[in-house]
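Q: I have a structure open here and would like to talk through how its chains meet. Could we start with what counts as a salt bridge?

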Amino acid sequence: MTLRRLAFLQWFGILGGGTVWFASFLAGAGVSQAVCNPASGRWGIPHDAVQIGITAFACAVIVLAEIASIAVFRATRDVDEQDPPPHGRLHFFASAALVSNVIFFMVILLAGIATVVDRTCHQG
Amino acid sequence: MNEYAVPRSTEARGAADVAAVARARRGPTTAFWGMALFVASETTLFAIMIGTYFYLRIKNLDWPPHGIPEPKVVVPLVLLGVLVAGSVPMQLAARAGRAGRLAVARSFLLVALVVQSGYFAMEVHEYAGDLSKFRPAAHAYGSIYFLLLGADHAHVALGLLLNLWLLGKLVRGLTTYRLNALSAIAFYWHAVNLITVAVTLTILSARL
Amino acid sequence: MWVERPGALGWLTTTDHKRVGLLYFWTTLVFFAAGGAEALLMRAQLAEPNNTLIGPDTYNQLFTMHGMTMIFWFIIPMTTGAFGNYFIPLMIGARDMAFPKLNALSFWIFLGSGIFLYIGLFTGFGPNAGWFDYVPLASRLYDPGRNIEFYALGLLFNGISSTLASINIITTIFKLRAPGMSFNRIPLFCFAMLAASLGLLFALPALSADLVYLFLDRNLGFHFFDPGHGGSTLLWQHLFWFFGHPEVYILIVPAFGIATEIIPAFTQRKMIAFPLVAIAELLVVFIGFGVWAHHMFATGIPTTTLVFFAGATAMVVIPSTIQVFAWSSTIFTGRAEFRTPLLFIIGFIVFFVVGGLTGVMFVAIPFDQQITDTYFVIAHFHYIIFGAAVFPIFGGMYYWFPKVTGRMYFERAGQLSFWIIFAGTNLLFFPMHIVGLLGMPRRVYTYPGNMGWTAYNVVESVGGAITLVGMLVLFANLFVSYRRGAPAPIDPWHGPTLEWTIPSPPPEYNFAVIPKISSAYPNWDVSDREADRQRLAEGVGVLDDGHEQIVSTFADGYPAEIVQMPHSSPWPILVALALSGFFAVLVVQKFGVAAVFAVLLALAVLGWHSKEPQEQ
């Protein structure tokens, strides 16, 4: 694999997960607020369907980010994380991303399932 | 040269030297990063205010509330186009500067400044007109409307002051410092223009 | 040519990161004493039921000022301004921060904002609605005096300092690393400072917006928070906590950074799972941006929305746990030397685990609704803030004392100070869990004698006194050691990072030769340090043509260009003075005079940019 492609996969792996989590979190919390507030009556947003869509999209992107990280990790498996750049740096970020993407995946799934299973707009 | 084989950027004298340094340098300058991070902070501020707008919107059945006119569509969008068009001469000015063509850079900067000043004057006129029709102290709609627009106009005004200052500096010649400033200020304008797009669309969303 | 101006003028115009760091250090200690005094007064009042030592209005100002002072005028400036400024350039092999004049400006603004706030307190208008200042209590209707103007303007003023400091720290870590220090070789302390600074940069705008809304509502009749005119009181809370939750992670992450330097030094072992610890620093702050409404579980927001925040709150624990395992296993598998700095870190781990466990308990919405606004919450966050943010600060003071002062501290007194403080803080804060579960509310100036809370409060107040004694021992130790400690060698601990390669205290220019970097533990790379001695002898990499600094690329640390750094300058303090005048006049609503100060500010900024680097 070329260095350019490795670098692209590395950055997508480390940044993609967090970005899609934050975007889906804002979208999901935002949709739930929009549905459960006075002005939303006339908009007729299908809450559960939208949330499932957001969650599914976000999970798909995270899986891709994790695959990208695994690819970079394997391509640099003979490299130590203190080794010289660029391969040391690539391996370092890939190692970190392997774990962070799993954490983001769990957050998205937890919230996505809970918001659908929960009785919509039930007061806390 | 030195053992690191990199330019001593502050030693550059004259536009050609400065351009050579800019070509030899790897990656954005610290000045650019400083501006990018400042822009990130201001962008977050506008994102928060836009979020406030929509949060208040979903709390209110009537938006705008009774008695307050809906926002105009044509004038804001035309003015927005004028402002965003100003990104072109700003970018061309930065590119000319990096190529060492100082007179060209100054000309594009002046064109940008004229366009942006015209935009600003029209917006101040519109803002005053809005204030004569409804007040921020009447309803939260007015509060967020005038603050969001006012903050945007303030950032445009800051950009005008930056352009004026830069023009004054560039009249006296090109140094690495001034070229870095030109690149950073061009970036500032692109950011302000994108933010203004978001702000304008937010304000216009009241018509939906 | 890297010589400071002598005397007081030298300090007023300094831009050297070490001097700015020291200015921050002493100033934050003064505010720490103020916040501590506020706490001790509260503990004295609460030592007895129905006590009349302090009345309710004063008490309200005390707990508000205590919270604000400790968070904004002690921990943030101590970790970012003092420790960050002093040690980041040293650890990355740089000669100063990226923007030295901006650095000085951050300090003078910070000082100005603190004086501004305390003028409010001493004129009887101290903020009095809690550090989180909820509306409608903080609205003009219920809090008509100037108190909340001091709150809003004081924090806006202070926020400017932190925003500028963040920009400086991030740019420095991104661009000023010595060549060879690619991202994977950045010391963990710097990762922590990067995380905290990124957090501050993106969190502060929410607080700034909130404070502007509040100021406008109170002074110009706007209606952001007024439900009678289309506004929302919850809007305040959402924005406050969007800032406030990342803020508390920002408070603690630099402390993690200090711990991750002290542990390798006193175990002579590299940190286990280095990439995971590095990413955990960043993750805890980043995920922390998604948990804010867990401070609002009792406000009636639908659970459909709350679950997003509960989910993130549950998962934000994981990066912290990764770090706890990494620290503990590094200590267990290394050759641990239990000197004072390491003792404070072990104490920190104990506090952090307990505080972290109670934090996880809050994820359960029903439990949270039971203990919200009780002393259980106070127990949780003081275990975290005092135990897990302040203990590493104390440990760091001891750890770096030899480097900064050139003297060794007295080890036995140091250990004594640790044990007294450890005992005192546990006595002070642990009973708060129990008395909170027994129903004692927060922010009450007194309580009846028949609630069963009295004995716990007495113990807490005693614990507070013991903590005070411990801190007096600590500061006396450092003060006496400064005068009479044994001269310190360059490298007393055989620490891992670059500050241990230069003299104690460091010279103005830090490094005579720009160091060669092969890992995140450069002081342990013997061949590199030998190569540096060789290069110095040959005049290679010395960069002594003026105030030179090398700039490198963002990801891989390849050399990019050589720049000139500013030297001393009067402009930072002048700009700060103009800004102080602006805020002072705003608090008394003289908007015209404020405009004059704004013009003065603009002129000072123009003056700042009047001389370019090559003209200095």
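A: A salt bridge here is a side-chain nitrogen of Lys or Arg within 4 Å of a carboxyl oxygen of Asp or Glu. Please keep in mind that this is a predicted model.

Q: OK, so which residue forms a salt bridge with Asp556(C), and how far apart are the closest N and O atoms?
A: The partner is Arg89(A), and its closest N and O atoms to those of Asp556(C) are 2.7 Å apart, which means that the pair falls within the 4 Å cut-off. The count between chain C and chain A is one salt bridge.

Q: How much area is buried between chain C and chain A?
A: About 3400 Å² is buried between chain C and chain A, with 74% of that coming from carbon and sulfur atoms. In terms of residues, 41 of chain C are in contact with 42 of chain A.

Q: And which residues in chain C lose the most area to chain A?
A: Those are Asn184(C), Thr304(C) and Phe308(C), which together account for 20% of what the chain C side buries.

Q: Switching over to chain B and chain C, how many salt bridges are there across that interface?
A: The rule finds four across the interface of chain B and chain C. Among the salt bridges linking these chains is the one between Arg178(B) and Glu612(C), whose closest N and O atoms are 2.5 Å apart.

Q: What about the area there, and how many residues are in contact?
A: Chain B and chain C bury about 4200 Å² between them, 64% of it on carbon and sulfur atoms, and 45 residues of chain B are in contact with 57 residues of chain C.

Q: At what angle do helix 2 of chain B and helix 6 of chain C pack?
A: Helix 2 (residues 30–58) of chain B and helix 6 (residues 188–220) of chain C pack at about 50°, their axes being 8 Å apart, and the two helices are therefore oblique to each other. Their crossing is right-handed. Residues making the contact include Leu37(B), Ile48(B) and Met49(B) from helix 2 of chain B, and Leu201(C), Phe202(C) and Tyr213(C) from helix 6 of chain C. By class, that contact has eleven nonpolar, three polar and no charged residues.

Q: Last one, inside chain C: how do helix 7 and helix 10 cross?
A: The axes of helix 7 (residues 233–267) of chain C and helix 10 (residues 340–361) of chain C come within 9 Å and cross at roughly 135°. The crossing of these two helices is left-handed.

Q: Which residues meet there?
A: Among them are Ile252(C), Phe256(C) and Phe266(C) in helix 7 of chain C, and Pro341(C), Phe348(C) and Phe352(C) in helix 10 of chain C. The residues of this contact divide into eleven nonpolar, no polar and no charged.

Note on methods:
Residues numbered from 1 in each chain as written. Chains lettered and ligands numbered in written order. Predicted model: local features only at pLDDT ≥ 70, side-chain atom pairs only at ≥ 80, totals over all residues. Heavy atoms only, no water. Axes fitted to C-alpha atoms, helices over the stretch in contact; angles between N-to-C directions. Helix = DSSP H or I, 4+ residues; strand = E, 2+ residues; numbered from the N terminus. Parallel < 35°, antiparallel > 145°, perpendicular 65-115°, else oblique. Left-handed = near helix turned anticlockwise from the far one by under 90°. Contact = heavy atoms within 4.5 Å. Nonpolar A, V, L, I, M, F, W, Y, C, P; charged D, E, K, R; others polar. Buried area = accessible area lost by both parts, 1.4 Å probe.
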